[in-house]
Amino acid sequence: TASSSNTDLVPHPGVSYTSPQASGNISFQGVPDGFGSSVITVTVTDSRIRLRAVPDRPSILFEGLTLRIRPVSNRPGIVQMTGSMRSPRGHKITIQGDGDLGSQNFRTVLTVEEFPIIAEQAAVFQEGAQRFLDAAKVKGRIKNAKVWVDYQGRGQGTPLHSGASLEFHGLDMALPELPYPIINASGKAFA
């Protein structure tokens, strides 16, 4: 859907899209002799998206995608993105980001909070991760997980950069390399 914040100046835009096409069209026209400003908000809802965490690992299907793209006041060409989606296990993932339409540079951060550490979920990131978590008998919770992606559409070098941070608590594990178990640990990891 698309909406106008000032329908006296710009009526709600028309949207033309047929699933599962990769693109659609938004059309709008201001009223004759109108003056002022209006924010056009584009919202994508009830969609599915497949994301691949690592090139050689299987993709993950996320559902219930809602994404809003809004211009930033007094900053032509700059947009903010907000939204959410659900993981395959039903965890809510929030989406926040911003971008410059002119340079085609975008930064997006996906955040999920409070979910258990499950060894089989780690396999989508690295093949040996599940084996490690199983062998070390890892238990605990992720308090906060963030994945960020920077896309630089114009310029030199690699256009895509990403990273992740995990904050965990209640972590128990028994590493064979250590003479004692780790019990109820908290910490952060970055990649």
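Predicted model: local features only at pLDDT ≥ 70, side-chain atom pairs only at ≥ 80, totals over all residues.
Modeller: Residues are numbered from 1 along each chain as its sequence is written, and side-chain values use heavy atoms, with hydrogens and water left out.

Colleague: How many helices and strands does the protein have, and what makes a run count as one?

Modeller: Two helices and 11 strands. The pattern along the sequence is β-β-β-β-β-β-β-β-α-α-β-β-β.

Colleague: How does the radius of gyration of the protein stand against that of a compact globule of 191 residues?

Modeller: The protein has 21 Å, whereas such a globule would have a value near 16 Å. The radius is taken over C-alpha atoms, and the globule rule is 2.2 Å times the number of residues to the power 0.38. Along the principal axes, the C-alpha trace spans about 80 × 35 × 30 Å.

Colleague: Why is Met 85 called buried?

Modeller: Buried means under 20% relative accessible area, exposed over 50%, and partly exposed in between, with a 1.4 Å probe and protein chains only. Met 85 has 4% relative accessibility, so this residue counts as buried. Met 85 sits in strand 6, residues 78–86. Of the 191 residues in the protein, 25% are buried.

Colleague: What does Met 85 touch, leaving aside neighbours within four places in sequence?

Modeller: Contact means heavy atoms within 4.5 Å. The partners of Met 85 include Ile 49, Leu 51, Phe 62, Leu 65, Ile 93, Ile 95 and Leu 110. Asp 172 is 87 residues from Met 85 along the chain, and their C-alpha atoms are separated by 29 Å. Across the protein, 43% of the contacts with a separation of 6 or more join residues 24 or more positions apart.

Colleague: What makes a set of residues a nonpolar core, and which residues have the most contacts inside the largest one?

Modeller: The set must be buried Ala, Val, Leu, Ile, Met, Phe, Trp, Tyr and Cys residues, joined through side-chain atoms within 4.5 Å. The largest has 22 residues, and Met 85, Ile 117, Leu 133, Val 138, Ile 142, Leu 171 and Met 173 have the most contacts inside it. Elements giving two or more residues to this core include strand 5 (60–71), helix 2 (127–135) and strand 10 (160–173). Beyond four places in sequence, Leu 171 is in contact with Ile 117 and Val 138, among others.

Colleague: Is Ser 87 buried or exposed, and how do you know?

Modeller: Ser 87 is buried, because its relative accessibility is 14%. This residue lies in the loop between strand 6 and strand 7. Not counting residues up to four places away, Ser 87 touches Phe 62 and Ile 93.

Colleague: Why is Lys 137 called exposed?

Modeller: Its relative accessible area is 60%, so Lys 137 is exposed. Lys 137 belongs to the loop between helix 2 and strand 9. Lys 137 touches Asp 172 and Met 173, with residues up to four places away left out. Ala 174 is 37 residues from Lys 137 along the chain, with 6.1 Å between their C-alpha atoms.

Colleague: What makes the phi of Glu 114 worth a remark?

Modeller: Most residues other than glycine have a negative phi. Glu 114, in strand 8, has a positive value near 50°. The relative accessible area of Glu 114 is 36%, so this residue is partly exposed. Asn 184 also has a positive phi, near 55°, and is found in strand 11, residues 182–190. With a relative accessible area of 56%, Asn 184 is exposed.

Colleague: What makes Gln 121 partly exposed?

Modeller: Gln 121 has a relative accessible area of 22%, so partly exposed is the class. Gln 121 lies in helix 1. Its contacts, not counting residues up to four places away, are Arg 89, Phe 115 and Pro 116. Gly 30 is 91 residues from Gln 121 along the chain, and their C-alpha atoms are separated by 49 Å.

Conventions. Helix = DSSP H or I, 4+ residues; strand = E, 2+ residues; numbered from the N terminus.
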